[in-house]
Amino acid sequence: MGKKISILVVDDEDSVRDSLTNWFLEDGFQVECAENAKKALQLLEHTQYDIILADIKMPGMDGLEMLKRIKALKTDAIVIMMTAFATVNTAVIALKDGAFDYITKPFDPDDLSHLIRNASKQISLAKENETLKTKVIALESVEDLIGNSQAMKHVLDQVESVAQSNASVIITGESGTGKELVARAIHANSSRKYYPLVSVHCGALTESLLESELFGHEKGAFTGAIYNRKGRFEMADSGTIFLDEIATITPKMQVELLRVLETKTFVRVGGNKEISSDFRVICATNRDLKTLVKQGIFREDLYYRLNVVNINVPPLRERVEDIPLLVDYFIGKYCTKMNKPIVTMDDAAIKRLEAYSFPGNIRELENMIERAIVIGTEKRIMLKDLPFGKEMIDSSVESLEDFERTFILQILNKYNWNITQTAKALKVDRVTLYNKIKKYDLKPD
Amino acid sequence: MINQTITLTAFGYFGKSFLDKVAEAVKYEFPFPVRIIESHVDLAEYFDPSRRQYDGNKLLKSVNKLARQDTGKTIGLFDVDLYIPILTYIFGQAILNGETGIASTYRLSNEHYGLEPDHELLLQRFTKVVIHELGHAFGLIHCTTPTCVMRPSTYVEDIDQKGLHFCQQCKGKL
């Protein structure tokens, strides 16, 4: 561990404080002492310690009371209690109140070393956990939202600025653009990141199921409700709730939702106790909510309640420059997942992808890459590995000649430039095929 | 490291050759003159009847007072059972970056553990404790290198497992 572990020794006996100080200094720790609980609590107001070693029996405030106050300070310090009067009772009380361990004075040198070693290990683990959490969050938010395009940079800027607030967010965008990833990035960058992000796909549930899903239910509320169940709003307490396909909810649910958003309280289905929950709401839709409001399908008051901030995720065809980055990301993701060596994608295949309109957006691109890695046997993903059938050659061809050129190249690639097989597939003779290759200046990749 | 003398002050009964060998090993580890002197304290003052042991903290303070601090580091050598209030026993202790330390043979002898006497092993153990405490007096903290003499030892077996010398890293810090 880079930083020295700091220890606070709290004991009313000089000799104990001196001995422990000397012992810990020899072990390379940073040590400070307090002769009573009051002094210790004063020190804790402005100094963080990794370990607090405190005597239980002290004049004035005793160690157990001090332990409670230390815990109330919500410090991360590990507290070890020591006493000359070993009773199981005090040990149990100390442990129940959150002490890490308990040791009886005088202790065996090895017991003390062992105890401090364990506490140090715990501190290392907690610090490592904290570092990893930060790394994972950083990776999640950076890795998931990929793009160098202006459109995507704008989205990332919006995510960053909105994350720290508690404002409701509506994420709009075509299907498959990564709206849920944007919601995850907002949550991961917010102060609620250590609490849950609860997702609900409103479109997949009927009204009554959605009601029970969101608000929870009491045992016996309806047939099949054999247990009390927490709702998603309850689960999202201190965290974020993500309501996908918000445009699909019924008028009755819109009223219920509005009420919950206004009061942050609700009652479980079949229950009568009001439950409060502190959540942030993020919604997503691929439909134009404003139009739905005009048509009277979506409540205007709910729309304004939800639409404090609107983030529009651009479709893939509007950020073509991100395709190579996305391809690399998905290749890495699936090759690792399938335990295959990392492959690359042929330039012609990339160009073809860049020319495609991607009605299914990133989800479609992801599926294409996954498929290509599953069926591909070479070190490179070629155009033939991508599922571009005749019906897909639409956006890049603007003339019959273009179409013929692209189609012949596609079939040639499919048969690895075997002229006989390609000619047979195209139902032309080999001479005609050679003439076409010459005419369009076709070359193997 | 400034030039200073290391003094081994015997407060109990130790054979001359025993002390000479300890001094020789100490001299090998530290580039300073090592001298052996004999001294006396009334151990009864340090005895705790309830624990049947001698207070290491008080002894350390007395050794510190007796030592001629301008001459360098002093280790008081004892043959009684040492304790400090918080621990059941100690093999020795020193003031980190201080002038003095203490060490005792009491818990280092095989006889203490019901085993056959082994004079050579006792000498080795005691020498390790003396060098270890001197290391602290010179500002060294505990080391994790298994063979380094600055590795902490809470059992006599731990002392047997480590070496008689400083590791390169600790040597560099001296």
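In the predicted model described here, 19 residues of chain B are in contact with 19 residues of chain A, contact being taken as heavy atoms within 4.5 Å. Residues are numbered from 1 along each chain as its sequence is written, and chains are lettered from A in the order in which they are written. Local features need pLDDT of at least 70 and side-chain atom pairs count only at pLDDT 80 or more, whereas totals for chains, interfaces and linings use all residues, and side-chain values use heavy atoms, with hydrogens and water left out.

Between them, chain B and chain A bury about 1,700 Å², of which 61% is on carbon and sulfur atoms; buried area is the accessible area (1.4 Å probe) that two parts lose on being put together, summed over both. Of the area that chain B buries against chain A, 36% is supplied by B:Ile86, B:Leu87 and B:Thr154, more than by any other three residues. Zero salt bridges are found across this interface, a salt bridge being a side-chain nitrogen of Lys or Arg within 4 Å of a carboxyl oxygen of Asp or Glu.

A cavity is defined, on a 1 Å grid over the protein atoms alone, as a set of points where a 1.4 Å probe fits but cannot get out, and its lining residues have an atom within 4 Å of a point; grid points are joined across faces, edges and corners, and the volume is the space filled by probe spheres set on the points. The lining comprises 23 residues, of which A:Trp23, B:Gly92, B:His132, B:Glu133 and B:Ser153 are the closest to the centre of the cavity. At least two lining residues each come from α1 (14-26) and α5 (109-144) of chain A, and likewise from β7, β8 and α3 of chain B, where helices (H or I, at least four residues) and strands (E, at least two) are DSSP runs numbered from the N terminus.

Two features of the backbone of chain A are also noted. Most residues other than glycine have a negative phi, and most peptide bonds are trans. The peptide bond from A:Lys105 to A:Pro106, however, is cis, with omega near -10°, and A:Pro106 lies in the loop between β5 (101-104) and α5 of chain A. A:Trp417, which is not a glycine, has a positive phi of about 60° and is found in the loop between α16 (400-414) and α17 (419-426) of chain A.

Conventions:
1 Å grid on protein atoms, 1.4 Å probe; cavity = no way out; pocket = protein on both sides within 12 Å on 5 of 7 lines; lining within 4 Å.
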